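Biologist: Please take a close look at one part of this model, the aromatic rings and their surroundings, and describe it in a connected account.

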Amino acid sequence: MLEKKYTWHKLAESREALQLSAAGLAEVEIAGKKICIALHHESLSGCAAKCPHAGASLSEGYIDALGNIVCPLHRYKFSLKQGRNTSGEGYFLKVYPVQQRPDGVFVGIEDNNLRNSGK
């Protein structure tokens with residue numbers, strides 16, 4: 001299996017600079033993509049900004065006790081780790097790795113050119 005390769009993009013100088021909502025969510029745009037950033041138990045995650053079911057903005061939802069992001073429109077739940085739909089409807093949410101480093105918060109966007117070329 002090929003290892004995923006990422007191009008890392010700086011989101012903010014710190015976690016506090018992300019301006020997360022009271023629910024621990026924020027929508028950012030980076031590298032032409034809108035991404036929802038989520039904070040759960042002091043860990044940051046990233047996923048597509050829109051629910052794959054009906055396109056609702058996930059940053060307006062919330063994170064449940066199990067760490068799933070919950071869509072504000074129909075309450076569909078998605079794992080922030082794998083993107084798997086945990087409420088059973090069969091949808092899949094694109095997820096992105098997020099790293100907190102001494103020099104800021106970064107999100108990884110998969111580099112399909114590197115992955116497909118075997119580099």
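Modeller: Contact here means heavy atoms within 4.5 Å. The model is predicted, and its mean pLDDT is 92, with 92% of the residues at 70 or more. Over residues 114-119, however, the pLDDT is below 50, although this stretch has seven contacts in the model beyond near neighbours in sequence. Where pLDDT is low, the predicted coordinates should not be read in detail.

Two aromatic pairs are present. In one of them, the ring centres of Tyr-6 and Trp-8 are 5.8 Å apart and the planes stand at 55°, so this pair is tilted. Tyr-6 is partly exposed at 30% relative accessibility, and Trp-8 is partly exposed at 28%. Tyr-76 and Tyr-91 form a tilted pair as well, with 5.8 Å from centre to centre and 35° between the planes. Tyr-76 belongs to the loop between β6 (68-70) and β7 (77-79), and Tyr-91 to the loop between β7 and β8 (95-96); the pair therefore ties together parts that are 15 residues apart in sequence. Tyr-76 is buried, since its relative accessibility of 15% falls under the 20% limit, whereas Tyr-91, at 30%, is partly exposed.

Tyr-6 also has a contact with Asp-111, which, leaving aside neighbours within four places in sequence, touches Lys-5, Tyr-6 and Thr-7. Asp-111 is situated in the loop between β10 (104-110) and α1 (112-117) and is buried, with a relative accessible area of 18%.

Charged groups accompany other rings. The charged end of Lys-94 sits over the ring of Tyr-96, 5.6 Å from its centre, and that of Arg-101 sits over the ring of Phe-106 at 4.2 Å from the centre.

Technical notes
Residues numbered from 1 in each chain as written. Predicted model: local features only at pLDDT ≥ 70, side-chain atom pairs only at ≥ 80, totals over all residues. Heavy atoms only, no water. Helix = DSSP H or I, 4+ residues; strand = E, 2+ residues; numbered from the N terminus. Buried < 20%, exposed > 50% of the residue type's maximum accessible area, 1.4 Å probe, protein only. pLDDT = per-residue confidence, 0-100. Phe/Tyr/Trp six-rings, centres within 6.5 Å; stacked < 30°, edge-to-face > 60°. Lys NZ or Arg CZ within 6 Å of the ring centre and 35° of its normal.
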